[in-house]
Amino acid sequence: MLTDAANRRGLRTAWATVIVLCWVCSPPQPVVADDATTSTAEILAAGGDVGCLDWKVAGMCIWMTCTILDGCSIETTVKYRHRIPEYVVTSYPSLGRGPWSVTNAMAQPTSFAQDGGASDEGGSNLREQVLKFKNAEMIGSPSNAIYERASSTSRTFCNPNSTPYSPHFISSADPFWRDPLLETPWTLRYIASGVRVDRSWFAGLYPRIGFVSQNHDYKASLVSAVRAVSITQDPGIHVARRLPSGGGRSGYWPPSRSSAFSWQQLTPNRMGCRRLPDIDDTTRLTDPYSGRLNQSRGNAWQLWRRYACCERAGTTLIFHSG
């Protein structure tokens, strides 16, 4: 029977491993608040957030091994569950001026994608809609390396099913990021699907393009980021690399392609993990999202998903709990 004390001891051991690896890879650095950018070092430091990690003992795995000479034997191992920071998503107006230099190097102008910008006509009215455009990228997080190393040195961590710096979506390489017409059938079919929280509607999920009818710059940035993530889960006509799916081995349960992400804001300031959007602002007198504005450099988030695994201790997994 797993006790709370055992769970706490395991968490302390696991967390100590991540802290050491995070510090070895990169000491924490402060985030600049104005016109903020993020660096690889800061992303690595954010990958050690214990609240985002949400590490816990989840249950057990029972393994069976049978041989002709010795018959069958049974072994039991502990099943762990935690999140891993798999991807970094950026959303910003102008190519070459994104919040993370790595994506700036990957996102180059093309014949159909030269720059970005926004139309602020009528923008004096807080609730009036204006058309904004955002570039977006989704790249394998460098924090994956921390968890790859942790899983090789400790039995209490799962190995990530994603690769550091692997590009999954680069909006300047996708001609359909600027063309809403080809996704019209999906737009009509999923007309009620949107980026929203309670009564606060940011914009529709479809068409999955960089143009967003939204006055609030943070909301427009988040909408384009959510659309980029959706494209990597189901590209359709878009130019993107699908997220990996499935584990392929016993005792290892990575997230499915459609699994929900927890979003950890990196710019303009670091925040803990949460589902986004997270605030219904329809009844607020002040803007609860004002502290998340970064209009010249845009926004960046690290995306976490939940894994489960247990140490292999036999030929066949015959039972697991949790």
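# Exercises on disulfides, cores and a cavity

Both Cys-61 and Cys-310 are buried. The exercises below concern a predicted model.

**Exercise 1.** Describe the disulfide of Cys-61 and Cys-310: what is its handedness, and where in the chain do its ends lie?

*Solution.* Start with the bond: Cys-61 is joined to Cys-310 with an S to S distance of 2.1 Å. Next take the torsion, which is -95 degrees about the S-S bond, a left-handed link. Then place the ends: Cys-61 belongs to strand S1 (residues 56-67) and Cys-310 to strand S13, so that distant parts of the chain, 249 residues apart, are linked.

**Exercise 2.** Work out the handedness of the disulfide between Cys-52 and Cys-273, and state whether each cysteine is buried or partly exposed.

*Solution.* The sulfur atoms of Cys-52 and Cys-273 are 2.1 Å apart and form a disulfide. The torsion about this S-S bond is about 110 degrees, and therefore the disulfide is right-handed. Cys-52 sits in helix H3 (residues 50-53) and Cys-273 in strand S12 (residues 273-274), so the pair ties together parts 221 residues apart in sequence. For burial, the cut-off is under 20% relative accessible area. Cys-52 has 0% and is buried, whereas Cys-273 has 23% and is partly exposed.

**Exercise 3.** State how many disulfides the structure holds and how the bonded cysteines pair in sequence order.

*Solution.* The structure holds 4 disulfides. With the bonded cysteines numbered in sequence order, the pairing reads 1-6, 2-8, 3-4, 5-7.

**Exercise 4.** Find which element supplies the largest share of the largest nonpolar core.

*Solution.* The largest nonpolar core has 31 residues, and those with the most contacts inside it include Met-138, Leu-222, Phe-261 and Trp-263. Elements that each supply at least two residues of this core include strand S2 (71-92), strand S5 (135-140), helix H7 (217-233) and strand S13 (299-310). H7 gives the largest share, 9 residues. A second, separate core has 16 residues, among them Leu-44, Cys-52, Tyr-147 and Cys-158.

**Exercise 5.** Determine how the buried residues of helix H5 are arranged about its axis.

*Solution.* List the buried residues of H5 (residues 144-153): Asn-144, Ile-146, Tyr-147 and Ala-150. Seen down the axis of H5, these buried residues fall within an arc of 155 degrees, so they line one face of the helix. The face of H5 turned away from the buried side carries the exposed residues Ser-152 and Thr-153. As background, an α-helix has 3.6 residues a turn, so residues three or four places apart point the same way.

**Exercise 6.** Characterise the largest cavity by volume and lining.

*Solution.* The structure holds 1 cavity of 30 Å³ or more. The volume of the largest cavity is about 40 Å³. Its lining consists of Tyr-218, Trp-263, Gln-265, Met-271, Gly-272, Arg-274, Leu-276, Arg-292 and Trp-301. By class, the lining residues are 5 nonpolar, 2 polar and 2 charged. Trp-263 and Trp-301 line this cavity and are also among the residues with the most contacts inside the largest nonpolar core.

Definitions and conventions. Residues are numbered from 1 along each chain as its sequence is written. This is a predicted model: local features need pLDDT of at least 70, side-chain atom pairs count only at pLDDT 80 or more; totals for chains, interfaces and linings use all residues. Side-chain values use heavy atoms; hydrogens and water are left out. On a 1 Å grid over the protein atoms alone, a cavity is a set of points where a 1.4 Å probe fits but cannot get out, and a pocket is an open set with protein on both sides within 12 Å along at least five of seven lines; lining residues have an atom within 4 Å of a point. Grid points are joined across faces, edges and corners, and a volume is the space filled by probe spheres set on the points. Ala, Val, Leu, Ile, Met, Phe, Trp, Tyr, Cys and Pro count as nonpolar, Asp, Glu, Lys and Arg as charged, and the others, Gly among them, as polar. A nonpolar core is a set of buried Ala, Val, Leu, Ile, Met, Phe, Trp, Tyr and Cys residues joined through side-chain atoms within 4.5 Å. Buried means under 20% relative accessible area, exposed over 50%, partly exposed in between (1.4 Å probe, protein chains only). Helices (H or I, at least four residues) and strands (E, at least two) are DSSP runs, numbered from the N terminus. A disulfide is a pair of cysteine sulfur atoms within 2.5 Å. The arc is that of the directions from the helix axis to the C-beta atoms.
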